[in-house]
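Okay, thanks everyone, I'll keep this short. Let me put the structure up and then we'll walk through the contact between the chains.

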Amino acid sequence: MTFSLLHATDFADRLLYKIIPPLKAGMIVLADRYAYTAFSRDTTRGVDRQWVRELYSFAVRPDLALYFRTPIEVSVDRLMARRVKLKFYEAGLDMGWSSNPVESFRLFQGKVLSEYDRIVEEFGLQVIDAAGSITEQQRMVRQLVAPHLATSPVEMSDEQPVA
Amino acid sequence: MSSPLHDSLDGANGGIQSGRYYGRAIPYLPIDGYPGKLIAIEGTDGVGRSTQIELLREWLEVRGYGVIETGWTRSPLMQPTIELAKSSNTLNKLTFVLLYATDFADRLEKEIIPALKAGFVVLSDRYIFTALARAGVRGVDRQWLRSLYGFAIAPHLVFYLKVDVETLIGRVLEARGMDFWESGMDLKHGDDIYDSFRAYQNKLLREYSSMADEFHFRNIDARRSVDTIQMELRRQVAAFLESADEPRPE
Ligand SMILES: Nc1ncnc2c1ncn2[C@@H]1O[C@H](COP(=O)(O)OP(=O)(O)OP(=O)(O)O)[C@@H](O)[C@H]1O
Ligand SMILES: [Mg+2]
């Protein structure tokens, strides 16, 4: 609970100072993780699903939300290749499910992933297959983002010929 | 309106049992049947809560109860952060609400719940109602606040030390003077701390009063002497603890 509220406080701070002002100015804001991260992480840690959603009801609903979906084994492999040591909380070691970090990570992230599946449904996230190559993924991302840019007022005013 | 809010509101209104959660939130910490008792002493800034709690604690201990005190922004985790945010006066109202909620959650999980489990009487110097009142005055959505604090435990007793602004002003000036936050100076009613204190405390008192029925406050007239208030508190606490100690018919 405390963990969940600490993150929410940090999120509120970033929302109010880093996200809302540029949006008001008509800019595009790219958020690496958003409230959905909290929904899956906190629920996996045992916090009530509905309560977290209520908690974050002050957040702005994104115009587009992308979810990079990956099978658990792929994310384990990627993490192992990149880092020597798994982060304590990322591996859910505080949950006491397993003292083996890799095993704990698998269990914990497995639950996180299934929470995400629920969130994708509930909030209409766009799924990108993160098992594919970076180039393929980027192509998908651009395809999904393009329609939103075409209708943005900033973009339009740029394209309109001056009479 | 979506259902979750209403669930927690119904909980708070519909006479949720003391010692239970008001609404949703910590399924991983079941608290049913814990032997301890939670007693909240609420009231605005400088009304005399600490004075009363000090006396109540001694009296309870002499009578053989294990007593633990808990208070607002006392959590070791959050205190430095809150003090820092206050001292820089940049606390946005939403961040302010969430910081207080974080502090409260920390104390609930680490102090209050373990103490209730171990059978202590927990005396809480302020409870969620101060947070609800302060945020309410600052225009934060009241339903959202109730849902946020759904993880709080409904106290067995809530004493509300009720006072009028005139009496309060006298007491605060005599004791220690007016403080920036207690005067709601962040609300920018004006530069005059006296006028601001009066206006802000008036709003706060109204906000507390509006919660009285919903959360079963026991109103205690705090304009009286320290001793008179203490006698009344003891009488009510004794009556409650005795009835709680009686073996329940199976
Ligand atoms: N019933 C009373 N009559 C007159 N003075 C009182 C009474 N109760 C407390 N005081 C005085 O008022 C001052 C504030 O009391 P106390 O510190 O108990 O209030 P508090 O509600 O805990 O304040 P704070 O909000 O700062 O924690 C003290 O100087 C105390 O002696
Ligand atoms: Mg005090």
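Predicted model: local features only at pLDDT ≥ 70, side-chain atom pairs only at ≥ 80, totals over all residues.

On the chain B side, helix H1 (3-13), helix H4 (93-117) and helix H6 (142-148) each supply at least two of the residues touching chain A. H4(B) gives the most, with nine residues. If you sort that side by class, you get 16 nonpolar, seven polar and three charged residues.

Chain B puts 26 residues into the contact and chain A puts in 20. About 1,900 Å² gets buried between them, and carbon and sulfur atoms give 67% of that. Over in chain B, the residues losing the most area to chain A are B:Arg24, B:Leu98 and B:Trp144, together 23% of what that side buries.

B:Arg24 comes up again with the charges. The count between the two chains is one salt bridge, and B:Arg24 makes a salt bridge with A:Asp48, side chain to side chain, at 3.4 Å, N to O.

Last stop, A:Glu115, which sits in helix H5 (residues 101-123) of chain A. Buried or exposed? Buried, because its relative accessibility is 8% and the cut-off is under 20%. Leaving out residues up to four places away in sequence, A:Glu115 touches A:Ser40, A:Thr43, A:Thr44 and A:Arg49.

Conventions: Residues numbered from 1 in each chain as written. Chains lettered and ligands numbered in written order. Heavy atoms only, no water. Helix = DSSP H or I, 4+ residues; strand = E, 2+ residues; numbered from the N terminus. Buried < 20%, exposed > 50% of the residue type's maximum accessible area, 1.4 Å probe, protein only. Contact = heavy atoms within 4.5 Å. Buried area = accessible area lost by both parts, 1.4 Å probe. Salt bridge = Lys/Arg side-chain N within 4 Å of Asp/Glu carboxyl O. Nonpolar A, V, L, I, M, F, W, Y, C, P; charged D, E, K, R; others polar.
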